[in-house]
Structure formats: structure tokens, C-alpha cells
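Let's look through this structure together, one question at a time. Have the sequence and the 3D view open as you read.

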Amino acid sequence: MNDTNRRQFLAGSALAGAAAGGLSWLLGARTAEALAAEVDKRYDFQAGEWIPSCCNMCGGQSGIMCQVVDGLVVRIKPNSHNPNGFSNISDDFFKNCPVEGAVLCPKGNAGLMTLYDPDRLAKPVRRTNPKKGLGVDPGWKEISWEEAYQEVSSRMKALRDAGTPEALLWFSEDHSFTHIQGDFCELFGTPNYSNHSNLCDTARKASFKAVMGDERPLMDAIQSRYILLFGWNPLGATKWSHLPRIMTRARERGAKLVVVDPFNSATARKADEWVPIRPATDGAMALAMAHVIVRDQLYDKEFVARWSYGFDRFSEFVKDKTPDWAEKITTVPAATIERIAREFATTQPAVVDVWSGPGQHSNAVPGGAAIACLAGLTGGFDRPGTLHLPNKGGNKHGHLHVEKPKAPRFAGDDKLYPMFHKSGVYCEIFRQLAEGKGKYPAKMAVIVFQNPIMSVPGQETVAKALGNLEFLVVNDIFLSETAQLADIVVPGTTYLERYDWNTHWVTWPVLGLRQPVVKPLFGQPAEYEFVVELGRRLGLKDQDGKDFFWVGPLSGQRVESVTAWYEEYFSNESKSGAPKLTLEQMKKLPGATWVDKGGTKYIKYASEIPADKMATAAVVKTQVGELEVEHILDKPKDQGGKRIGTMLDGKPVKGFQTPTGKVEFVLNVLAGKNDATGKPCSDLPVYAPRDWQPDKDYPLYLINWKESTHTHTRTQNNRWLVELKPANPLQINRKTAGQLGIKDGDEVWVESKYGKVKAKAQLTEGIHPEVVGLQHGFGHWAMGKVASGAGTADGALRPTKADPIGGQALHKECCVRVSKA
Amino acid sequence: MAREENDTPTPQADAEPSSPPDRRKLLGLLGGGAALAAVASLGGCKTTSPRAEGAQTRRWGMVIDLKRCIACKACTIACKNENKTPPGVAYGVFLEEEAGTFPHVRRTAFFRPCMQCEKSSCSKVCPTGATYHRADGIVAVDYKRCIGCRYCIAACPYGARSFDYGHDYIADAKNGYNLIPSSEYGAAYGTRAKGKSPSGNVRKCTFCLHLQDENGDYREPTACARTCMGKAIHFGDLKNPEATCLVHGEKMQALLAKRSPYRLKEELGNEPAVYYLPA
């Protein structure tokens, strides 16, 4: 009933004397009993079954408890047995989680709206329109699963029969059923299995790996006294549900939080100090800080002397990187840089971290390395309150007895990218595919739980690339923008309908189980079952001649049911991993989470390798520049030995996994190498301006970021989350907008040399005046009724380009002009 | 606002008032501004005395620590999951503001559930006594009596009430989501249907009172407090000096003694049960 009708209804009534009986009804007290009689207990908090699992609304995979009644998911709440929703430090988790309980982010709380999304794809569909392209109607026709399997497997078989299995490209998400997909590709014979990581943070991975040998150090915020973040937004991305708690608790205990970011992000808003910086210049600020720390001898002399390599050269290198030098580059006042450098170096413990802010530009890797060097100068690795090197023990990917595919990757590999990440280089693949290049023709692709049209820079290029394939299969819960270019689309499952192992983003070994809490809504196979079924139809065998997708890895017996086979494969991963427990045993653990009682270990780099391990170890002499270093392998190299340490001062120690076994201020992994453009890499964390700079025609930087309300490009059809954040207006500094004659709420054109998109302007004081930006993920034109047409996608404004060292997609390197539409 | 196709109330909902027939008959007897005002004042008198529901010995309240709140809005969505409120109805929302000039900008945000005022403005204007105070201080709405006049929405100084226009997130009645009734008031109103309460009623946060046991104590804290990522929402009894937060175990009174707490629009004298600790 709308307002007008209601008013008319009331006003139109005539007072003919309020009957006494009526009034007593009106005013009569209602008792609890009267209400209780009407209460329906079928779905109350105690009803049904609470099934522990792990979230996958984003890649953070926090623990959840799902209440299921009569096959319906009624509630999702945090799972307090899983540390991911509480703390990344074991002491804090063991002591305080039983009292305080775990938490869950808005996306995790919105799971029902994804599970029951009415726009989900329910049946396989086949395209009837042979023409492919952005905006072209595929003319979907519903087909049976049998027809889908027949068609897809026969297309694949044709590639194998022709002796060109490498013509199959495969793309997947990076934390969901990746192992089975990787195995399928190897058994099939294609080296072209790639996954999401290189759209995310492979530049960060490369930066840290170069300096201290670990790809994924984790910030120990809660024990820190000074938290310095460059372009990381843990309170906005809220990727792991524990982040807000450990950050706010650290501040409560007196820690200072300083956030360097062009945008006043959710994290900057909670900071003691927001330092707005010109995009992609963070490396310069870090070098100037290093200059101050070295100049004033504020570095940790003992750590640097014992545990670092290349300090003298680095000191010489930063001598002219003064705060004044950096001010001109970064717009951050020299005095601010000077002060923050002193505060950071003299407050113990202090932690510095960097993520995708500076990490998605062409100069990302050396910039990130400069920031990692700040941690090196202060001994800020693996001590309480610094950057922790986590023990990642969890499930174990079973060993595959199969010869590695002989063909090289279609495009983008370790020969081209000096710090190539095994997730591949999407930008290189799609660009070369679009241009008809690549090492050989790619004919078919399978894309699982990915939407590259929206998530890879350069929409047109990606569309052209996918159009150049003979056959494209997409497995997704929606008919996404990418699915619109497919020949066959099969419905996927949500995380509430399938299995997965989740090694968590905490500092000690933890393994959480994701399990189907309800059966797939449309009777569809889970993604891994789809893969297993294809493997069976193709008759894929390992090199021992075993029918890989028929013989159960635990029982060694032939298993008829696809689901039962996968459960065995899956169970084998936890059984042979750190928990040494089967799937059934894992299910019975409290919260279905295995937590290593040993907890967080610190300063592991200094630990000596015990004599019994040394007895079977192999010591290998390695030349690192002019230095001869002795690496310790767990067994001889020809037996597949893995490096476990380094001989330092005559002692076998764990050390750091860098060529010298120490933190490297001189980056040996890049010494003498060329980047993907053929340019020689510097072995110092130099600051060089990123490739694309603003000019007279395109004077503004365009960046993007995450907010707690959405995940990448995949939650914009979730009706609850959309109600929180329905669109992504262009954030523009009030002063800049004034100069352009743009008012709050105006429709504007955002235009780069690659494309033009429309956006709504939102004026703010919370962004650098040279910068405009958008929350990432909006601007869909397919996927679902709610997502379609909401907000602005910025992918079309960028080229399909990766950072030349690590292969990270450059989502943030873009210059635009903004004008009133 | 996310809505399933229909952006305006459906014809069916327009034609059929949401109130039960007997109530309509009664309302048919009423008319004119004077009569409405009289009923409103009668209702107001009545609602000052608590009804039997809830424990007399409790006064449920919240202490929201703005230093811990990161404005992630998990609370708003957890509430959606718990209470299955329709599009346009959110019991706990965020109010956000930007102040200052670049680079000295300050953005503040806070979570606003219902304040569960001791002297609530909403109950005073309710013409039918549908809005009432429970013994434990929670302000509740009896949908069977609510005529959807929305006086309370106008009266609430905190904007904590919203009208249920009968919109649905998902149109298909057979969709799994639509088969689950809202848990509020013990799922007493069943699954949603056009023209049926609480569609056409005014809705508000109830501190998830359906999570209370027979004694009026909570089996489980409110959904917003339970999920809060910064651990900013403390929920518990404000009457008993020894009572602890049902989520994190701190003494509620100790939290209030720690850092100059304040309540919103204190000057109105509504005596809210929600306190804020400054950022």
C-alpha cells in the first residue's frame, strides 16, 4: 500500500462512535503467552543442524556455521573454532577466542542471497548464434548434461588425437578446487593451467620473494606498536575476517596506524595518520625513508650485520634518495617522510606492509621491494609484531605420476617474466591470443569460476581473444559477461554446495573444511565433479597406466560414483597433509577445523637444522654473484631435494629462502635478468616512474579499490550487498571537480586513450587531487538482473598489460580526463 | 534499492490493506483528524506501562565502541540474515559523514540500531497501541495491531523505523529463500505473502528478542553484535551492575565507566538504551 492510498483509507473512514468493545480490543494487554502460542519453532536458532564450513564469498575463506533445516540454509554465523575469523596469532586465538568468539564480514553474512540468487544458471546452455562479441546475443538453448559432456569431451579428445593437447587453455579461481584442475591439465597434456593470482598480488609476491624469500608474509598487527601500510586496505578489503579485530585492537593497545594511499580508504579512515600519495610512487617514499634510517643509523645493526646481504651497496644507493627528492615525486612533504621514517625505525616492534595499491602498476615489483627493505632495515621479519613468515602446513596436493607436458606455455612464462608466478600471466595470454600470436595456436579454453571480461584489463582485447578460440566452455553460477562469449556454459555451484580445503591466512598451520551444507540446488555436479567426469570420458591415465579418475587415491580401488571418487581424492589431501586426518575425521573436528596446537613460531630463520635432518640432507654449493653459498636440501637434488636452509657462519640454519639465505638489499634474483619488455632488471629496488604518466590530454590518475561490501566482480548481483552498496560513483576531489565544473551527482565521462565510460561523480575531500577512482567490480551488463546496468566498469579504459617482472595485471595504471556528460 | 522487478507496491497490495479484516472494520468506524489524535493519545497513555513480555529484571542495551567500529556493515547484513527483512527495511544501518578538507579529512560512521528508548517517541504517537514497551525495555511492534499509519516513523528522532511496502528480494514464491519465515517475534507471522503482515506494517529492530529463552535471557547475542568484525558492539543487561556483554564477556557497566559514553540526541530525553564510546 502506498502513502496516498493509506492516507485516503484513514481519512475516508467516518467516526460513528468508537464502540466500547472496539476500544478494549485496541488497548487490551497482550501477554507473552498469547504471542508464544503463535511462535513457529521450526526455524528457530536451535532447530535443524548447524554445519561447520568455510566461506567463499571471497578468497579469504573464513570459518562459518550454517544452520540447515529441511534442506534449506536458514542462517550463517561465524565459526569460532576457525582462527581465520579471529586472529592470525595463535596465542591470541587460543586465549581470547573462547571468550570473544569469531566474526564474519558482510559478504559472508550475505551467503543466502548468493545461494538463492534467482538469476543463477540452472541448466547447461549452448549458443545458437555463431557470431561472438561484446553485446552479441548468444541465442542460448538449454541442453542436457549428457549433451554438454559429449560435446566438451569430444572437442577435447580431438585436440589430444591431433597431438596438440597444449591447444587447450584453462583458467580457474586460485583457492577453489585448483588441484584437481591442475591435475586434469597435466594428465591431459597441456601446460596452460592458469589461475587468478596474477590478477591479484603476484607483484607483492615477487617483491617479498626477492627481498626475503617468502611470497606471502603476514602482518602481525596485534602485537605491533607501529603499523605502516602502503596501499593496503585491510579494513576495506576485509579479506580475512580477523583483520579488523587485530588492527583495531592494536590501536587500542597504543599502536600507531599510518596509511599511505592516494585514497582515504576504510583503513585510512581508522588511521592515526593518512598520508595521501601520488599513485605508484610509494617506492620512492620508501627509499627516502631508508635514506633517513641509514643516514641517522636508526637501523637494527645486529640484524643487518648477521642477517642481511648487500647493505653497503644499498646504503650507497639511498644516499641521494633524500626526503626532498621523494617529495617532488610523491607529493608527500619531506618533513612527513623524515618523521615517519624516524617513528617507524624507533618504535619497536613496527610492521610495514604493502599490497595492491602500489602493486598493480608497471613499477610494482621494485617499489614493493623498496618497502620490503624497510622491514629488512629494522629487522622486521618473523619477530612478534612484524611481518611474519607463516608456516603454511595444511592439505597436501597428491603427487601426480605423469610426465610434465612437453610444450611450453602458450604465452607468458618464466623465460619472459623473471619472477614468473605459476598462476600464469592472464594479460600476456589474452593479448597474444587477441593478436593471433602465441607459441602455437590455442583452440579451446575452459574457464571455471572466473569472469575475465570483467576482471582482466582491456575488455575489448579479452573479448577478441576469447572470440579467436574455436570453442569456449564456461563453468559459472551466472551467465556472466565471459559466459556470453562461450559455446557451452554449464552451471557451477556456490560454496555452500561443495567441498574444499582451506589453509588459512594465519601464521601457524590450520586447515578448515568447506563442505556441502546443502545439495546443489539444481542437481548439477560440483565443478570438481565436472572435471572428473570429463577425465573419465577422455580415459586419462597417469604414466603407470592407471585410470586416474577411476582409481581411488586412498583405496586403490575402482570407484564408480564421481562424488565418492572425489571425496577420496580430497580425503587423501588432508590424510597426507599436516592434519593426517581423513575427510570423515575432519568433519568430526569441532568447527571442522584442524588447528596445530604448536602455534605461531617466531624468528624461525635463526633456527638451526637438527643433526638428524642434516644426516640425510645434501649441501650444495651455489654461486651467488661473487659469493659462494651453501644451500641445504632435504635430500639430494636428483631425488627431488627441496631447500630447507643455508650454511651461515659454518652453521646449518633455516635462514631466508633467498639465494644468500639472508634478507637481500641487493636483489640477486633479478641480477643479470631482463624483464618481459627486454629491458635489463636492476638488482637494486630502484624507483622508476611507471610507464603511463598523466599528460595534458589525460591529466588524472584513475585508480580503484575494494570495499567491504563487495568481492571483485562477483557479488554485484547479491541483493543484500547491493542494497548496502548499489553502485560505485567516481570519487573526485572537490577542488579538482570545481576546476572541471563538476558537481556532486553529475554524470561524467571518464575517458582514457583506450576507451570511454560513464560514471556518476561523488565529490570528496578524501582523495588526492590528481587522482580519481572507483570501487572495483561494478558495471556489469550480464550476470544478473540486479548487477546489470549498475555502476561503472573501468576495465575498458586500460590495455591488457602486465607488470614486466612478475606478470601482475595492471588494474591501476591508467590516466584519464573527466568531463561533464 | 534492490528489488525484484516491481518498483512500486503491487496492485494486490494496494487493493488489499495489510491489516486483518476485524481491524479494518474497526478503523471503518474512525475518521477525521480529531479522532485520530484522540486515539493516538489513548495509545500513548497505554504504552507507558510495560507489558508482560520479557524479564522485568533486565534492561537490554548496547554499548557501541566507535574506536573499534570499522564501518564494514557486517552488522547490517547479519541482521538481514537473522530477521529476513525485505528491501528497503534495515533495522541497523550506518550513518556516515565526511568533514574537513584535503588532506585533513575525517570520515565518521556509526551503526544505528533501534535505541529502545525508555521514553520512546514512537510509542507515544501510535494510535493503536501496536508499539509497546516490554518489561525488559525492548520496544516491540504488534503487527496484528499496526495499521501502517507511520506516525511512529515521523516521530522517531533516530530514523530507526521503516515501512514494509511489501517488496521482495526474490519474486518466485518457491525460491528457497522465500520458504524460510523471518525469525522475528518467533516467526509468528510465517513466510511473506502479499497483503499479509508484516507487509504493510512499520518495522523496527527488536534486539533479536526471538533469541531469548523462556526466562527472557538470550540464548545467543543479537546477530549484529555476534558478527561485528571490530568487536565494537557490546550487548547485555544494563540494569544489573554485574551483567556482562553476551559476546565478549566484559562488564557492561565497566565499559560505560571507561570512556565518556554518550547517547544520541540526549537532549530529547528519550533515554535510549544504546550508548556510544567515542572514536
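Below are some questions and answers on helices, strands, domains and a loop.

This is a predicted model, where local features need pLDDT of at least 70 and side-chain atom pairs count only at pLDDT 80 or more, while totals for chains, interfaces and linings use all residues. Residues are numbered from 1 along each chain as its sequence is written, and chains are lettered from A and ligands numbered from 1 in the order in which they are written.

Q: How far apart are the end C-alpha atoms of helix α7 of chain A?
A: Helices here are DSSP runs of H or I with at least four residues, strands are runs of E with at least two, and both are numbered from the N terminus. The expected span of a helix is 1.5 Å times one less than its number of residues. For the 17 residues of α7(A), residues 145-161, that should give 24 Å, and the end C-alpha atoms agree with it, at 24 Å.

Q: Within what arc do the buried residues of α7(A) fall?
A: A residue is buried if 20 or more other C-beta atoms lie within 10 Å of its own, exposed if 12 or fewer, and partly exposed in between, with C-beta atoms placed from the backbone. In α7(A), the buried residues are Ala148(A), Val152(A), Met156(A) and Leu159(A). They line one face of the helix because, seen down its axis, the directions from the axis to their C-beta atoms fall within an arc of 50°.

Q: Which residues are exposed on the other side of α7(A)?
A: The buried residues of α7(A) are covered by elements including β6 (168-172), β15 (444-448) and α23 (527-538) of chain A. On the other side, the exposed residues are Glu146(A), Ser154(A) and Asp161(A).

Q: Which residue in the turn between β2(A) and β3(A) has a positive phi?
A: Strands pair if DSSP finds at least two bridges between them; six bridges join β2 (residues 63-69) to β3(A), and the two run antiparallel. Val68(A) stands opposite Val73(A) in β3(A). The strands form a hairpin with two residues between them, and the turn residue with a positive phi of about 50° is Asp70(A).

Q: How many residues of strand β3 of chain A are buried?
A: Strand β3(A) covers residues 72-78 and is mostly covered. Of its seven residues, the number buried is six.

Q: Which residue just after helix α4 of chain B takes a positive phi?
A: Helix α4(B), residues 74-83, is largely enclosed by the rest of the structure, because ten of its ten residues are buried. Among them are Cys75(B), Ile77(B) and Lys80(B). Just after this helix, a positive phi of about 45° is taken by Lys84(B).

Q: What is the bridge partner of Asp65(B) in β9(B)?
A: An open sheet of three strands in chain B has the order β8-β1-β9, with mixed pairing. Its edge strands, β8 (233-237) and β9 (274-277), each pair on one side only. Four bridges join β1 (residues 60-65) to β9(B), and these two run parallel. In β9(B), the partner of Asp65(B) is Leu277(B).

Q: Which element gives the most to the side of domain 2 of chain A that touches domain 5 of chain A?
A: Domain bounds come from an automatic or database domain assignment, which places domain 2 at 125-198 + 395-595 and domain 5 at 700-820 of chain A. The C-alpha centres of these two domains lie 30 Å apart. Their contact (C-beta atoms, placed from the backbone, within 7 Å) takes 28 residues from domain 2 and 24 residues from domain 5. With five residues, the element that gives the most to the domain 2 side is α20(A).

Q: Is Gly310(A) buried or exposed?
A: Gly310(A) is found in the loop between β12 (308-309) and α15 (311-318) of chain A. Not counting residues up to four places away in sequence, Gly310(A) touches Glu664(A), Phe665(A) and Val666(A). Because Gly310(A) has 21 C-beta neighbours inside 10 Å, it counts as buried.

Technical notes. Two residues are in contact if their C-beta atoms, placed from the backbone, lie within 7 Å.
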